[in-house]
Amino acid sequence: MKTRPSWLTKKAADQKSFLKMEKLLKDLALNTVCGEADCPNIGECFQKKTATFMILGKTCTRNCGFCAVSKGIPEAIKTEEAVSVAIAVNKLNLRHVVITSVTRDDLQDGGAQHFVDTINEIRKCNKNVTIEVLIPDFKGNKKSIQKVIDAEPEIINHNLETVPVLYSEIRSGASYTRSLGLLKQVKESNKKIITKTGMMLGLGERREEVLEVMDDLRKIDCDVLTLGQYLKPTEGHIDVEEYISPERFSVYKEIALKKGFKFVESGPFVRSSYQAVNIIEGMF
């Protein structure tokens with residue numbers, strides 16, 4: 001097992017802020033990807049009163065080798081969930097909200113309508129908040145993808161996660177070309193929507209492969225890229241092949257910006273929705 005380097009140490013969260021956020025989420029019966037995916041930034045984000053709300057339950061129908069979210073038979077959709085998210089957004093006085101979900105291959109539209117309902121409920125309560133959705137691939141169903149596009153969130157995010165050669169091991173049930181097609185459809189349908197994707201590094205990818213993914217993304221005019229270090233959540237998950245230094249993350253950021261991305265977050269602790277409000281402030 002590789003020794004975890006010193007730069008992958010996080011300061012403990014302020015417990016008072018952390019517990020207050022936890023209580024709010026529990027009272028409204030809401031899930032966050034922060035907690036379900038064992039995110040290392042949970043303390044920092046909760047302290048700043050930010051979270052990525054995870055709708056459609058907390059059980060995923062896929063079994064990706066990197067992810068800590070529970071897998072199995074999913075729960076029934078809670079119709080009141082969209083309203084609860086809107087209430088939480090108001091209580092937290094958020095300027096920017098991120099909505100994601102587990103993958104729901106059991107649903108005909110993959111849960112697209114529930115994303116739309118959540119976006120609409122947030123807008124009813126607060127027309128000024130900017131909305132980012134981090135969506136699954138909906139099995140490539142263009143009608144489902146279009147539902148979300150037509151709801152016009154400011155940002156549509158869909159993560160590629162890794163380089164194509166590692167997909168069979170890392171992203172079970174997913175397709176690199178299908179994910180690229182989703183991002184392409186968003187930009188072709190509505191150029192005003194910011195498209196965003198993220199990758200984990202340290203899974204065994206080569207530098208040239210990372211740069212090739214960047215090129216593929218720029219060909220479809222993807223606006224935002226996030227790059228972060230993969231951290232093994234449990235012993236049962238895929239091993240870390242390499243710890244990428246902060247300096248190498250900085251080099252990747254410089255290269256990505258030169259290739260034409262409008263905004264890049266790149267660093268060991270960067271996650272898809274980490275400091276997401278910075279994108280809005282930097283691009284609007």
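Author: I99 is buried, with a relative accessible area of 1%, where buried means under 20% relative accessible area, computed with a 1.4 Å probe and protein chains only. The residue is found in strand β5, which spans residues 96-101, strands being DSSP runs of E with at least two residues and helices runs of H or I with at least four, both numbered from the N terminus. Leaving aside neighbours within four places in sequence, I99 is in contact with F53, I55, V85, F115, T118, I122, E132, V133 and L134, contact meaning heavy atoms within 4.5 Å. I99 and M54 lie 6.1 Å apart in space, C-alpha to C-alpha, although 45 residues separate them in sequence.

This is a predicted model, in which local features need pLDDT of at least 70 and side-chain atom pairs count only at pLDDT 80 or more, while totals for chains, interfaces and linings use all residues. Residues are numbered from 1 along each chain as its sequence is written, and side-chain values use heavy atoms, with hydrogens and water left out.

Among contacts between residues at least 6 apart in sequence, 74% join residues at least 24 apart. The accessible surface of the protein comes to about 13,300 Å², with 50% of it belonging to carbon and sulfur atoms, the areas coming from the Shrake-Rupley method with a 1.4 Å probe.

Methods. Buried means under 20% relative accessible area, exposed over 50%, partly exposed in between (1.4 Å probe, protein chains only).
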